[in-house]
Amino acid sequence: MVPQELIDGWLVTLMMGARIVFPILLVMTLGYWLQRKLQRADGSSVLTPNRRVMPLWYRRIMGELNALPAWLPTIGVLTAVGVTAMIFRLWVGLGASTNLNQAYPWGLWIGFDLFMVAFSGGAFTLATLVYVLQMHRFHAAIRPTVLTGLLGYTSVLVILLMDLGRWDRFYHFVIFPNINSALFEVSWCILLYTTVLITEFSPVIMQRFGWHRAMKIMQKITIPIVITGATLSTLHQSSLGTLFVIMTERLHPLWYTPLIPALFFVTSLAAGLAMVVAGATVSYWVFKRSLPQRLVGDLASFLPWILGIYLVLKFGELLGTGEIGLVWSSGYYSVLFITEILLTAVIPIAWFMSKTARASRMLSLVGAGIVLSGIFLNRFNAAWFALKPVEGYTYFPSIPEILIQMGVICGIIFVYTLVGHYLPLFEGTTKRGEEEEKRLAEPAPAPEAIQPGKAYHTS
Amino acid sequence: MALTRRGFLKACGASVAALGVGAKFAPPALEPGTRSVPKSPQKTNGVLIDTTKCVGCKQCQIACQKSKNLPADPKQVTLCAVSPSVVELRNISADPAKPEIKPIKRQCMNCVEPSCVSACTVGALQKTPEGPVIYDSNRCIGCRYCMYACPFGVPTFEWEKQFSLISKCDQCAERTQAGKLPACVEACPAKALTYGDRKELLTIANQRIYDGKGKYVEHIYGENEIGGTTMLYLASVPFEKLGFPTLPNEAPAEINATIMHSTPTVALGMAMALSGMYWLIRRRDELEAQPAYNHNEEGGH
Ligand code: SF4
Ligand code: SF4
Ligand code: SF4
């Protein structure tokens with residue numbers, strides 16, 4: 001028999017899910033409708049008129065815009081809506097613009113930050129594989145992944161700024177250190193690591209503008225930079241977990257453990273790899289460039305191992321504390337926990353152990369999506385869903401909170417698309433439809449520009 | 001269950017250390033009772049709040065607001081930015097027909113090992129050796145981490161403002177420094193509040209429990225909870241009924257410190273491991289790249 005508590009738990013979860021899924025569906029429908037409205041018969045956007053009467057410079061710019069994907073203006077509009085909401089938030093203060101309260105001082109935004117940092121973990125995971133462990137065959141994926149990481153971290157910084165009551169004092173964490181504070185360490189590491197990501201990404205810009213001398217210097221320092229980046233990532237990926245170590249009373253025991261830093265670190269490796277796998281497929285469709293699927297499958301084959309370690313740690317801890325019984329007996333929390341574990345680890349392990357899944361772009365994308373949704377749930381559980389309730393308080397994000405969140409996500413997509421369009425982001429990747437078979441025989445050549453130990457040729 | 005929670009925490013600390021993402025040393029053994037002696041062995045002051053003597057007049061709440069230059073507002077019943085101390089009127093009767101109201105003064109517990117001080121990103125919250133946990137509003141960035149860290153949900157946020165800060169009771173650090181009593185203690189007409197040395201307060205509290213002959217529950221709330229607090233409570237009904245959280249004796253601040261202090265070790269370990277791996281793999285590839293006859297030739301010379 002299924003315990004009654006579990007059934008109640010499902011109901012509560014479903015209702016909560018509906019409250020989240022509905023607004024998202026609403027926004028998506030709205031976006032779709034907007035896009036249809038803005039589209040001409042030939043697929044170009046109305047926001048980019050191409051009339052003869054317009055001056056030449058205007059037509060040039062518009063010509064450029066028309067070469068971009070037709071959905072980009074929609075994304076741009078949503079970003080602008082988000083920026084407006086940000087100004088509103090900064091103007092009226094946190095109380096008037098958000099639903100955060102005494103018992104839930106953090107909410108949607110912190111959940112997003114936690115997930116986004118794990119998601120952007122792909123940048124350090126891949127860089128470590130390629131440069132430190134010297135698996136050069138994955139080299140072609142470095143640039144897109146580093147860009148995703150960079151944009152991810154930038155969005156985290158923006159959202160963190162929104163979250164500060166005294167955002168005008170954001171620099172205080174630099175000048176007033178508290179070495180016991182996990183949040184202090186996280187802020188420092190994120191700041192430094194963003195700098196590392198900018199450095200790692202700079203060759204793309206240097207190549208675009210032909211700054212060969214600078215590129216040569218970059219090649220020389222790539223290895224130390226990558227090692228610094230990986231070290232910083234280890235620190236802050238785990239410290240984001242340490243944030244919850246002090247919250248002994250608030251976090252439900254199914255999630256609370258002093259091991260949480262280690263769990264956060266391990267899941268960030270998985271989220272990072274899943275991000276690379278998903279990104280490869282998405283860029284295959286959007287930009288028609290990607291890693292050969294064989295290599296994507298290679299990357300995915302690391303996932304069952306990492307997630308296996310995660311399962312061992314997680315259940316080892318629950319067995320060790322004797323809290324394993326809570327998995328079944330905590331109602332709403334049980335449902336959250338079981339769903340999370342299924343999505344994060346159980347299903348993906350089985351999924352990616354199958355050769356068929358690893359060989360197919362579609363199946364790899366779905367598998368990576370499952371891992372990411374599991375880790376998404378994990379982070380939101382820690383930051384929001386799995387907090388013990390406090391009498392008299394509930395939290396659900398306000399409209400400005402959701403708009404800002406949406407704006408930031410759209411901003412990432414917007415900038416990424418522009419960069420993919422104008423900068424040499426996909427060097428060394430396989431073109432869609434290009435004889436992939438032939439490429440498969442030999443690993444995709446790395447972009448010479450940033451391969452260590454090789455001189456850069458101008459040709 | 002073979003392991004106690006505390007034993008497990010220690011085991012965890014050790015395994016985290018083994019993983020390289022955690023403790024450098026296992027937390028020291030935590031014995032209940034000994035924890036009430038604060039880290040700073042000097043005199044630590046505190047306030048003993050005898051809820052059985054409280055008459056619910058809210059004079060302490062008003063005095064506190066006045067001392068903080070806030071408008072007097074006795075209507076507040078939950079801690080908030082304009083009331084760092086409140087008198088909560090709590091109904092402890094299960095029978096809705098016969099309510100039994102107990103007034104409970106609430107404010108920051110000014111913990112001996114405060115979680116909020118560990119958590120604060122910029123060190124705006126500090127523990128003073130005399131007892132108070134003080135707040136520097138010029139440093140605070142309003143990140144609200146302290147609100148989650150505090151096991152009592154004490155720090156409150158100025159939600160209504162454009163630029164918001166935290167507020168909480170600081171045991172009247174400025175007044176006590178100047179030799180005065182905390183405003184609330186001074187104002188209490190029922191002598192429910194006693195200010196003094198924490199050890200002496202514990203002695204007084206024990207004496208009252210003994211003399212009361214069953215009037216009090218045998219529990220001084222704050223003696224051992226999360227490493228001890230300097231605001232101590234006496235009550236006639238179990239503290240859970242009065243809305244006090246049931247807390248372990250370990251200070252979360254200590255588990256946190258153990259993990260945080262291992263940061264340099266983890267950083268160094270990770271950087272060295274990665275550099276080592278890079279060097280090894282590169283060396284291996286270099287050796288493999290050398291054609292075999294090269295070795296033979298060299299051997300021949
Ligand atoms: S009660 Fe909360 S706010 Fe007060 S010192 Fe303790 S942890 Fe800090
Ligand atoms: S809100 Fe202020 S006092 Fe609280 S942790 Fe953040 S900086 Fe420190
Ligand atoms: S000690 Fe001072 S700040 Fe704290 S509640 Fe009493 S009057 Fe208010």
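Okay, housekeeping. It's a predicted model, so local features need pLDDT of at least 70 and side-chain atom pairs count only at pLDDT 80 or more, while totals for chains, interfaces and linings use all residues. Residues are numbered from 1 along each chain as written, chains are lettered from A and ligands numbered from 1 in written order, and side-chain values use heavy atoms, with hydrogens and water left out.

Let's start with helix α8 of chain B, residues 252–261. Helices here are DSSP runs of H or I, at least four residues, numbered from the N terminus. In α8(B), 9 of the 10 residues are buried, meaning under 20% relative accessible area with a 1.4 Å probe, protein chains only. Among them are P252(B), E254(B), N256(B) and M260(B).

Now the ligands; a residue is near one if a heavy atom lies within 4 Å. Around ligand 2 you'll find, among others, Y135(B), R144(B), C140(B), C143(B) and C146(B). That shell splits into 9 nonpolar, 1 polar and 1 charged, where Ala, Val, Leu, Ile, Met, Phe, Trp, Tyr, Cys and Pro are nonpolar, Asp, Glu, Lys and Arg charged, and the others, Gly among them, polar. C140(B) is buried, at 6% relative accessible area.

Ligand 3's shell includes C64(B), K68(B), D170(B), C172(B) and C184(B), and by class it has 6 nonpolar, 3 polar and 3 charged residues.

Technical notes: Buried means under 20% relative accessible area, exposed over 50%, partly exposed in between (1.4 Å probe, protein chains only). Helices (H or I, at least four residues) and strands (E, at least two) are DSSP runs, numbered from the N terminus.
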